[in-house]
Amino acid sequence: MIQVERKTAKAEPKPITGQSRRDLLLDEAARQLNAKGISQTALLDVATALGLSRAAVYYYADDRQDLVFQCYRRSCEALARDLAVASQGPGASLDRIEAFITRSLDPDRVEEAVLSEVAYLSEDQQATIDALVEGLLAQLRDLIDTGQQCGEIRSCDSAIIAHALFGMVSWIPLAPRWLGEDAGLRARSTSAAIDLLRNGMAARPSSITDLPRIDVTEIRPPRGSIFSREQAAAMKTEELLRAASRLFNRKGIDATSLDEIGAAVGATKGVVYHYLSDKPDLIARCYRRAFALGERVLKAMENFQGNGLARATAGFRLLVEMNARAEFSPLAPLAGVDALQPAARKEVVSLARRSEQAFPAAVEAGIADGTIRPVDLVGTAVALAGTFGWIPKWFDGEDEAMVERIADEFQQLYAFGLTAK
């Protein structure tokens with residue numbers, strides 16, 4: 001259970017020049033939330049980083065929950081301003097979408113908190129953030145729909161594509177931490193995202209009549225025997241990790257308790273602790289499981305018969321399905337990588353780097369055989385991860401028809417981009 005810090009009497013802060021003290025506070029809080037997650041971000045740590053007293057921090061935030069809410073609301077407001085400016089700018093819809101992405105991912109801008117744990121907030125606070133996000137998505141849908149009506153954007157499901165855009169702008173700022181890369185990766189991934197959205201990967205899109213797929217059964221693990229003690233225990237652990245990952249994805253790690261995870265599989269906390277040592281161990285094992293699922297996708301891609309574009313788009317579609325289907329529910333890497341134990345963090349960052357290096361190899365094969373146009377391999381991999389890694393935040397994975405729609409729309413986005421050909 002997260003311990004909420006108690007509010008003390010507010011003390012009038014000292015006047016300062018330049019950027020307001022509240023803005024400085026939210027800047028630092030956003031940076032820490034993105035790096036460490038909610039549970040490891042304490043008001044005292046934020047105050048210490050700024051050279052402020054604890055009392056001065058409480059002048060601006062009632063408690064940690066209020067501070068998180070203010071950071072999330074400011075993030076939404078910043079995105080809304082970016083979208084408003086972009087929507088009033090020159091050019092057609094795709095130009096305005098590009099302007100929005102460029103502004104929101106400007107590496108010289110202050111870091112805003114990624115909305116990874118909205119469920120930690122109170123019901124009223126959640127409703128406020130949800131309404132702001134829905135407003136942003138509605139505006140993105142309008143831009144896409146307008147582009148379709150003008151014949152600039154190809155036919156697509158604007159609601160699904162709007163979520164893909166939101167996923168990109170949410171993941172790209174976090175990617176350097178997860179991949180152990182420098183800040184240059186953000187600018188590189190932003191350019192790759194814009195290029196992907198406009199043009200897709202296909203070198204000769206007009207020659208493609210159908211996009212292939214890999215059957216999801218390729219990545220389903222073999223089911224063990226309930227009569228084998230070891231295999232039965234492995235199946236129970238797998239179900240716990242899947243349930244935990246699904247809840248963590250939907251609610252956030254800090255808003256999810258072990259009791260909730262146990263209840264999701266009909267087990268007590270004692271049973272959960274029988275298979276898992278503690279919550280940090282659980283989180284690390286969920287990430288290991290997620291990257292192991294990714295390895296299954298890679299193997300399925302390697303076994304797929306087809307040219308480079310066919311193999312890449314079929315594999316990326318399978319990644320989308322894996323993230324969209326409740327039966328898999330891999331834990332998406334979002335805020336909080338620095339909160340992992342040092343050994344676990346080193347391992348998870350290594351796994352993330354290996355994943356981001358392995359999937360571009362499929363694209364590289366397509367470039368070599370001429371079916372994929374030259375693209376930034378690493379930047380494109382990060383942009384792609386933003387689209388499918390954000391799916392569990394907006395889709396619960398239960399509607400089979402919707403899973404297929406999402407996978408189809410994302411695969412077409414990866415192959416063709418949004419420009420009407």
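Colleague: Why does F410 count as buried?
Modeller: In this predicted model, F410 has 0% relative accessibility. Buried means under 20%, so F410 counts as buried.

Colleague: What about Y414: why does that residue count as buried?
Modeller: The reasoning is the one used for F410. Y414 is at 0% relative accessibility, and the limit is under 20%, so Y414 counts as buried.

Colleague: What makes F410 and Y414 an aromatic pair, and why is the pair called edge-to-face?
Modeller: Their ring centres lie 6.2 Å apart, and rings pair if the centres lie within 6.5 Å. The planes are at 70°; over 60 degrees counts as edge-to-face, so that is the name the pair gets.

Colleague: How are F410 and Y414 placed along helix α17?
Modeller: F410 and Y414 are 4 residues apart in α17, so about one helical turn separates them. Together with F316, these two residues form one aromatic cluster.

Colleague: How many aromatic pairs does the structure hold?
Modeller: The structure holds 6 aromatic pairs. One of them is F166 with W390.

Colleague: Why is the pair of F166 and W390 called tilted?
Modeller: The centres of the two rings are 5.9 Å apart, and the planes make an angle of 50°. Stacked needs under 30 degrees and edge-to-face needs over 60.

Colleague: Which parts of the chain does the pair of F166 and W390 tie together?
Modeller: F166 is in helix α7 (residues 158-171), whereas W390 is in the loop between α16 (377-389) and α17 (400-416), so the parts tied together are 224 residues apart in sequence. F166 and W390 are both buried.

Colleague: How do you know that C150 is in no disulfide?
Modeller: A disulfide needs two cysteine sulfur atoms within 2.5 Å. For C150 the nearest cysteine sulfur belongs to C156 and is 13 Å away. By this rule the count for the structure comes to 0 disulfides.

Colleague: Are C150 and C286 buried or exposed?
Modeller: C150 has a relative accessible area of 61%, and exposed means over 50%, so C150 is exposed. C286 is at 0% relative accessibility, under the 20% limit, so C286 counts as buried.

Colleague: Why is L132 called partly exposed?
Modeller: L132, in helix α6 (residues 123-149), is at 32% relative accessibility. Buried needs under 20% and exposed over 50%; 32% lies in between, so L132 counts as partly exposed. Leaving out residues up to four places away in sequence, L132 touches R73 and C76.

Colleague: What makes S93 buried?
Modeller: The relative accessible area of S93 is 6%, under 20%, so S93 is buried. S93 lies in helix α5 (residues 93-104). Beyond neighbours within four places in sequence, its contacts are L143, T146, G147, E152 and I153.

Colleague: Why is α1 described as roughly perpendicular to α4?
Modeller: Helix α1 (residues 21-36) and helix α4 (residues 64-87) pack at about 95°, and their axes are 10 Å apart. Angles of 65 to 115 degrees count as roughly perpendicular, so α1 is roughly perpendicular to α4. Among the residues making the contact are L25, L26 and L33 of α1, and L67, V68 and C71 of α4.

Conventions: Residues are numbered from 1 along each chain as its sequence is written. This is a predicted model: local features need pLDDT of at least 70, side-chain atom pairs count only at pLDDT 80 or more; totals for chains, interfaces and linings use all residues. Side-chain values use heavy atoms; hydrogens and water are left out. Helices (H or I, at least four residues) and strands (E, at least two) are DSSP runs, numbered from the N terminus. Buried means under 20% relative accessible area, exposed over 50%, partly exposed in between (1.4 Å probe, protein chains only). Axes are lines fitted to C-alpha atoms, for helices over the stretch in contact, and angles run from 0 to 180 degrees between N-to-C directions. Angles under 35 degrees count as roughly parallel, over 145 as roughly antiparallel, 65 to 115 as roughly perpendicular and the rest as oblique. Contact means heavy atoms within 4.5 Å.
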